[in-house]
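Here are my notes for you to read alongside the model. Keep the viewer open and go through the points one by one.

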Amino acid sequence: MQKELVIIGAGGHGKVIADIAKWNGYQNIVFLDADKSKKNCGKYQVIGTENMLADLSGDIIVAIGNAADRRKIQERIDRSRIATLIHPDAFVADDVIIGKGTVIMAGAVINSGAIIGESCIINTCASVDHDCILSDYVHISAGAHIAGTVKIHSNTWIGVGVSVSNDIEIAGNCVVGAGAAVVQNIAIPGTYVGVPAVCVKQRKQSSLSDFQ
Ligand SMILES: CC(C)(COP(=O)(O)OP(=O)(O)OC[C@H]1O[C@@H](n2cnc3c(N)ncnc32)[C@H](O)[C@@H]1OP(=O)(O)O)[C@@H](O)C(=O)NCCC(=O)NCCS
């Protein structure tokens with residue numbers, strides 16, 4: 001029987017995920033997208049919107065970069081159908097725990113003792129070092145490096161090329177802008193940029209609660 005995958009979100013991120021799925025043995029790959037005008041994503045067909053999900057068989061992955069949107073859709077899906085995808089050219093130590101719906105792109109390195117939550121994105125050539133804990137819906141963008149024993153709470157987006165020093169804790173619902181260096185804990189949700197990273201925008205929702 002052919003391995004089937006439904007990918008929700010027919011953008012660039014979805015295209016990369018389809019390629020990883022192919023390397024994971026999926027032969028029948030289709031996309032769903034809220035934008036009805038989309039007909040193709042790379043070489044794969046966009047066959048309808050999320051409303052079609054109940055009529056389709058196979059595993060499902062949500063390929064939407066925005067954490068809040070990803071969460072909204074993922075929470076509506078039958079958990080038993082959610083896929084987890086790891087590119088064959090990623091290195092993942094054998095004791096690493098990875099949650100459902102998470103994707104790990106080519107060249108990523110996840111070292112021993114790390115725990116990665118549900119529906120996280122560990123993007124191209126990012127690294128997550130030993131004993132890090134990433135909560136659900138965290139995105140580590142391409143080329144970002146997270147040193148050992150770092151905790152990152154849910155929904156936080158670490159931008160491209162960011163460095164996070166060891167033993168740091170970062171609140172949920174944060175954005176760490178491209179190229180920043182985080183060398184101190186971040187306790188207040190908001191946007192942080194620069195070297196060293198400083199807050200340029202605060203958010204109201206708080207969350208250092210997801211590991212308690
Ligand atoms: C931090 C970020 C989210 C801010 O986006 P934004 O809210 O739209 O902010 P703006 O682009 O309007 O910039 C506001 C100010 O912050 C500065 N700024 C924005 N991003 C910055 C960054 N990464 N580092 C330093 N300064 C930055 C801008 O130069 C601007 O400064 P000014 O007011 O003096 O002109 C965005 O710039 C960013 O870095 N996104 C990450 C992109 C990424 O990693 N993509 C990877 C996808 S896998």
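1. Start with Lys3, which lies over the face of Tyr26, at 4.4 Å from the ring centre. The rule for a charge over a ring is that NZ of Lys or CZ of Arg is within 6 Å of the ring centre and within 35 degrees of the ring normal.

2. A word on what you're looking at: this is a predicted model, where local features need pLDDT of at least 70 and side-chain atom pairs count only at pLDDT 80 or more, while totals for chains, interfaces and linings use all residues. Residues are numbered from 1 along each chain as its sequence is written, and side-chain values use heavy atoms, with hydrogens and water left out.

3. Now the rings. A pair of aromatic rings is described by the distance of the centres and the angle of the planes. Rings of Phe, Tyr and Trp (its six-membered ring) pair if their centres lie within 6.5 Å; planes under 30 degrees apart are stacked, over 60 edge-to-face, and the rest tilted. The count here is one aromatic pair. Phe31 and Tyr44 form that tilted pair, with 6.4 Å centre to centre and 45 degrees between the planes. The pair links distant parts of the chain, 13 residues apart: Phe31 is in strand E2 (residues 28-32) and Tyr44 in strand E4 (residues 44-48). Strands (E, at least two residues) are DSSP runs, numbered from the N terminus.

4. Buried means under 20% relative accessible area, exposed over 50%, and partly exposed in between (1.4 Å probe, protein chains only).

5. Which residues surround the ligand? Among them are Asn123, His139, Ser141, Trp157, Val160 and Ala178; a residue is near a molecule if one of its heavy atoms lies within 4 Å of it. The protein covers 37% of the 920 Å² of accessible area that the ligand has on its own (Shrake-Rupley method, 1.4 Å probe). Look for the ligand's oxygen atoms too: a backbone N or O atom of Val160 lies 2.7 Å from one, and a backbone N or O atom of Ala178 lies 2.8 Å from one.

6. Last, Ser141 from that shell. Ser141 sits in the loop between strand E15 (139-140) and strand E16 (145-146), and counts as buried at 6% relative accessibility. The side chain of Ser141 makes a polar contact with the side chain of Trp157 (2.8 Å). A polar contact is a pair of N or O atoms within 3.5 Å; within protein, one must be able to donate a hydrogen and the other to accept it, and residues adjacent in sequence count only if both atoms are side-chain atoms.

Conventions:
Helix = DSSP H or I, 4+ residues; strand = E, 2+ residues; numbered from the N terminus.
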